[in-house]
Amino acid sequence: MQKIIILDFGSQTTQLIGRRVRELDTFCEILPYNKYPEDDSDVIGVILSGSPLSVYADDAFHVDLSRIRGRLPILGICYGAQYMSHIYGGKVESAGTREYGRQNLQFVDTTCPLFRGFEPHSQVWMSHGDSITRLPEGAHVVASTETVQNAAYYIPGEVPVFGTQFHPEVFHSLQGTLLLKNFVVDVCGSKQEWSADAFVESTVKELREQIGSDRVILGLSGGVDSSVVAVLLNKAIGDQLTCIFVDHGMLRKNEFEDVMRDYECLGLHVIGVDASERFLSDLAGVTEPEKKRKIIGRDFVEVFNAEAKKITDAKWLAQGTIYPDRIESLNITGKVIKSHHNVGGLPEEMHLQLCEPLKWLFKDEVRRVGRSMGMPEHLITRHPFPGPGLAVRILGDITREKVRVLQEADDIFIRGLREYKVRLSGEEARAVLAAGIPINMENGEIEVSLYDQIWQAGAILLSEVRSVGVMGDERTYENPVALRAVTSSDAMTADWAHLPYDFMAKCSNEIINKVKGVNRVCYDISSKPPATIEWE
Ligand code: XMP
């Protein structure tokens with residue numbers, strides 16, 4: 001399959017470049033700058049990302065482009081553009097201070113294929129400390145801005161090279177997607193064959209070949225990734241798949257039953273294991289967050305393994321690992337960091353091989369694949385939920401009663417978010433549609449629930465805090481509940497959601513009136529970083 005390679009020099013927006021390319025129905029791989037593949041027969045173009053470093057820094061990242069230049073079109077973004085300038089005879093100098101923000105392009109060359117269809121003063125997003133003061137050999141300037149002379153350059157030829165000082169992948173570069181389309185489709189010749197339907201068709205075929213008549217085990221969590229894997233595998237190998245869903249007793253209200261029913265409707269063979277007694281008794285009296293997580297992790301592996309071992313002829317363990325879990329991203333010190341990997345602790349004697357059919361997909365693509373297979377919308381748009389469940393949302397020790405209280409408050413909050421509809425237009429509507437949520441647009445407006453607008457939400461029980469209240473004629477001395485709702489695109493960073501006041505007022509009233517044991521509701525207005533999404 002045709003693909004674009006994105007060489008990562010450590011920019012925070014490298015993943016975004018990947019997403020934008022995929023949105024053009026073109027497959028792409030993000031690789032560390034020095035890991036260009038030996039076999040590049042299916043590569044149609046290369047993008048060099050930005051970087052927090054200067055090309056002159058002692059620890060600057062260097063890459064050998066000799067195998068690429070002249071064979072494949074190259075687009076350098078920010079550091080990528082500066083780096084090519086630097087090695088091909090141009091000059092890069094410090095701009096004194098870091099320039100950051102919106103700029104407008106002034107075109108010098110209106111024929112450059114990268115900018116076909118651009119408006120005259122198109123807005124772009126800059127974030128750089130160095131500037132290109134002399135262009136590389138053979139290059140000419142295409143566009144400038146008020147402060148940057150060489151904002152974009154072009155080395156024409158049979159196999160062209162382009163450089164942009166700005167970031168086309170960022171939302172504030174208003175025609176950035178057009179620029180990437182011009183590069184990927186027009187210059188590199190992508191046939192735009194990467195789509196959810198095509199992915200399902202080819203993956204089902206590959207899974208059949210890979211697995212043959214073997215048996216596969218899959219741990220389900222109720223979340224979108226593992227559910228999509230289950231439906232894909234079910235399509236490919238039917239009843240050779242056995243799923244295991246462990247209830248550790250700290251799921252949301254009715255979640256175990258609801259999710260089991262959903263899975264049954266999807267025709268999956270699921271073994272539901274109610275292990276809540278064991279988890280809750282092992283957690284009794286434990287207050288330290290890390291200790292709680294360790295106990296839950298250990299118990300989970302043991303419970304899962306005990307079930308998995310009963311499936312004696314299993315040869316494969318399937319997992320819902322997705323691309324952001326695997327991307328080797330670079331940090332500023334130059335070390336390659338391998339992000340977390342969801343591999344469980346199944347005993348080695350089972351000799352299971354790993355099957356990870358979503359390992360190339362971003363979260364929004366997983367959702368599109370789910371939709372393309374006809375999965376119900378409520379399963380596809382479900383918010384992420386942490387493995388340890390409500391355990392990391394009950395501060396202090398965990399008891400069945402505290403879980404019940406939190407489940408009630410959380411249920412009121414989440415149901416409220418689903419029921420409250422807002423009308424959006426313009427950029428806000430575009431963002432929701434770009435996320436793939438199928439909503440009809442009327443008069444340029446869409447109606448969407450608060451739930452669909454945010455990344456993740458939940459309630460937290462501050463069970464070690466008590467405060468005074470008054471209920472009827474009675475004095476109360478009970479726990480507060482904190483509500484948390486965040487917007488995010490990948491959970492690496494997040495902002496607190498600006499929920500409407502009337503919604504918060506209604507929610508708070510309902511929780512305090514209906515949930516016995518709670519007499520106060522607060523809203524968490526911390527962003528990540530420095531806070532995290534979960535409280536523990
Ligand atoms: P934090 O709290 O680190 O969370 O900002 C980032 C994202 O990860 C989820 N999360 C977890 N997911 N097991 C999981 O499967 C965990 O132990 C865990 N801890 C946090 C969190 O809900 C958010 O989406």
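**Legends: Ser227 and its setting**

**View 1. Ser227 in helix H5.** Ser227 has a relative accessible area of 1%, so the residue is buried (under 20% relative accessible area; exposed is over 50%, partly exposed in between; 1.4 Å probe, protein chains only). The model is predicted: local features need pLDDT of at least 70, side-chain atom pairs need 80 or more, and totals for chains, interfaces and linings use all residues. Residues are numbered from 1 along each chain as its sequence is written, and side-chain values use heavy atoms, without hydrogens or water. Helix H5 covers residues 224-237 (a DSSP run of H or I, at least four residues; strands are E, at least two; numbering starts at the N terminus).

**View 2. Contacts of Ser227.** Ser227 touches Leu220, Gly222, Tyr263, Met375 and Leu379 (heavy atoms within 4.5 Å). Residues up to four places away in sequence are not counted.

**View 3. Domains of the protein.** Domain 1 spans 3-187, domain 2 spans 196-380 and domain 3 spans 389-523 (bounds from an automatic or database domain assignment). The centres of domain 1 and domain 3 lie 41 Å apart, taken over C-alpha atoms.

**View 4. The fold around these sites.** The protein has 15 helices and 24 strands. Buried residues make up 55% of its 536 residues. Among contacts with a separation of 6 or more, 74% join residues 24 or more positions apart. Along the principal axes, the C-alpha trace spans about 80 × 60 × 50 Å.
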